[in-house]
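Here is a short tour of a structure, meant to be read with the model open beside you.

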Amino acid sequence: MKTAKSYQELSAELDGILAKLQSPEVQVDELSELYKDGLKIITQLEDHLKQTENIIEKIKLSAAKEIE
Amino acid sequence: MTDLILGVSEFVAILNQTLEYAYPNVVIEGELANFKVSKNRWVYFDLKDDQASVKFFGTIYQLPGPLEDGMKVAVRGVPRLHQQFGFSVTVQTITLVGEGSIKKASKLLEAKLAAEGLFEESRKRPLPYPPKRIGLVASAESAAYHDFIKVLKKRWGGVKIILIDVQVQGEIAPKQIEQAIEQFNQMANMPDVLVITRGGGSADDLQAFSTEQVTRAVASSRIPTLVAIGHEVDISLAELAADKRASTPSNAAELLVPDRRALKANLQNQREYLDQIASRNLSDARKNLVARHDGLNLGVEQLIDRFKSDFVLRAKLLSAYDPHAALARGYAIVHKGVELIRGGKNIAVGDELDIQLYEAHLTVDVKKVRI
């Protein structure tokens, strides 16, 4: 089973795609695939951020209960 | 009546019996004179006042510290008439009397013990912070003891305190304090720290903490020591020998354990700071992601524009080569059979030519050729 990629790994992949799009060597045939991959990675990064926010909220609530 | 006639030995025996009965021991206060130590073991001195002088004999183990002629002391001892050496008092304890004598003795002892290195900073050990078990040497009836316990419990919980109740002033105080320190050091489960404490008082009250006995006991303790003698000016020798000193019993409790209320407030601040950092990091990550999404869209749009421009340029270039464009400009395409005619060299008069114009197709016979 493949382990999910980390935020850092996905972030590095997105940077790679953006760099390719800015290079003079990119071909027309590659364009749609690059764009599709880039959007997919952005969606995954947004999911990561959302999950992290949720976990932090849960930790805050449980820590508040313990101190009380 | 006939006089009672006794032999010398008989007289000595009867007198000693009488003394033993009437004065099993006495405490005599006076000024030290003719003080000397023999063979590093035996001590001889006189105590005198304006009118009389009494001889004393003892060992160095009974000395509270270095003594000099002129000091005022109170000596507890057993008076006896020695068969050979005459009357003397055999010393049991020696206590310094009066601030002057106490201070002088303390200075002499301080110099002696300092020379041995007992007060060196390099000997000081850190105290565990906070300790789990405290060995306390104090008087259970004293305000010092109650102050220490009160402040300790207010600041921190869960500390086990083991008390050995001692006299903190008087003749027997040095021995009791020394024994208490020894007892803690011999426990199978020793405390993490030893606290020796009492409240303030006069030089007489506090002198036990400047005796050689107590000072050496503190210095040689395997358990780290904190000594707190509540007074303002002079520091006792036990405090100098301790790993740490406190100015009062309450201050001792403050040095030993943290204040849980201050810690709680600090933790709360740190928690709020952590919340802020987490929120800021998430917010920055979000902004960064939005920027890169925009970057992706912009990048793709710019690329498409570039490809489009490139395409249009090449299409224009291509159209320049379109033969119909040349026909529209008035040129014609000439064929002789299937052969495309470029020059006129292989055309003869009478040949049939096929001429394609922009809007018409002509079949002609050649009447004349001019090259």
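Predicted model: local features only at pLDDT ≥ 70, side-chain atom pairs only at ≥ 80, totals over all residues.

## Across the chains

Leu282(B) belongs to helix α9 of chain B, which spans residues 260–319. Is Leu282(B) buried or exposed? Leu282(B) is buried, because its relative accessible area of 14% falls under the 20% cut-off.

## Chain B as a whole

Chain B holds 10 helices and 14 strands. Of its 371 residues, 36% count as buried.

## The largest nonpolar core

The largest nonpolar core has 30 residues, and the members that touch the most others are Ile177(B), Ile196(B), Phe209(B) and Val218(B). Seven elements of chain B give two or more residues to this core: the helices α2 (99–115), α4 (173–185), α6 (212–219) and α7 (237–241), together with the strands β7 (160–165), β8 (193–198) and β9 (225–229). Which element gives the most? That is α4(B), with five residues.

Leaving out residues up to four places away in sequence, Ile196(B) touches Val137(B), Ile177(B), Ile181(B), Phe209(B), Val218(B), Leu226(B), Val227(B) and Ala228(B).

Helix α6(B) is mostly covered, with six of its eight residues buried. Those buried residues are Glu212(B), Val214(B), Thr215(B), Ala217(B), Val218(B) and Ala219(B). Their cover includes α2, α4, β8, β9 and α7 of chain B.

## A parallel sheet

Five strands of chain B make an open sheet with parallel pairing, in the order β7-β6-β8-β9-β10. Its edge strands, each pairing on one side only, are β7 and β10 (244–246) of chain B. From one strand to the next the twist averages 20°.

How many bridges join β8(B) to β9(B)? Five bridges join these parallel strands. Along this pairing, Leu194(B) stands opposite Thr225(B) of β9(B), and Thr197(B) stands opposite Ala228(B) of β9(B). β9(B) also runs parallel to β10(B), to which three bridges join it; there, Leu226(B) stands opposite Lys244(B) of β10(B).

## An antiparallel sheet

Another open sheet in chain B has four strands in the order β12-β11-β13-β14, and its pairing is antiparallel. The edges are β12 (339–341) and β14 (361–365) of chain B, each of which pairs on one side only. Ignoring direction, neighbouring strands of this sheet are turned by 30° against each other on average.

Within it, β11 (residues 333–336) and β13 (residues 352–356) of chain B pair in the antiparallel sense over three bridges. Val334(B) has Ile355(B) of β13(B) as its bridge partner.

| Sheet (chain B) | Pairing |
|---|---|
| β7-β6-β8-β9-β10 | parallel |
| β12-β11-β13-β14 | antiparallel |

## Rings and a charge

Over all chains, the count comes to four aromatic pairs. One of them joins Tyr44(B) and Phe57(B): the pair is tilted, at 5.4 Å centre to centre with 45° between the planes. The partners are 13 residues apart, with Tyr44(B) in strand β2 (residues 42–48) and Phe57(B) in strand β3 (residues 53–59) of chain B. Tyr44(B) has a relative accessible area of 32% and is therefore partly exposed. Phe57(B) also counts as partly exposed, because its relative accessibility is 28%.

Ring pairs also link Phe35(B), Phe45(B) and Phe56(B) into a cluster. To finish with a charge, the charged end of Arg306(B) sits over the ring of Phe307(B), 5.4 Å from the centre of that ring.

Terms used. Residues numbered from 1 in each chain as written. Chains lettered and ligands numbered in written order. Heavy atoms only, no water. Core = buried A, V, L, I, M, F, W, Y, C linked by side-chain atoms within 4.5 Å. Buried < 20%, exposed > 50% of the residue type's maximum accessible area, 1.4 Å probe, protein only. Contact = heavy atoms within 4.5 Å. Phe/Tyr/Trp six-rings, centres within 6.5 Å; stacked < 30°, edge-to-face > 60°. Lys NZ or Arg CZ within 6 Å of the ring centre and 35° of its normal. Pairing = 2+ DSSP bridges. Axes fitted to C-alpha atoms, helices over the stretch in contact; angles between N-to-C directions.
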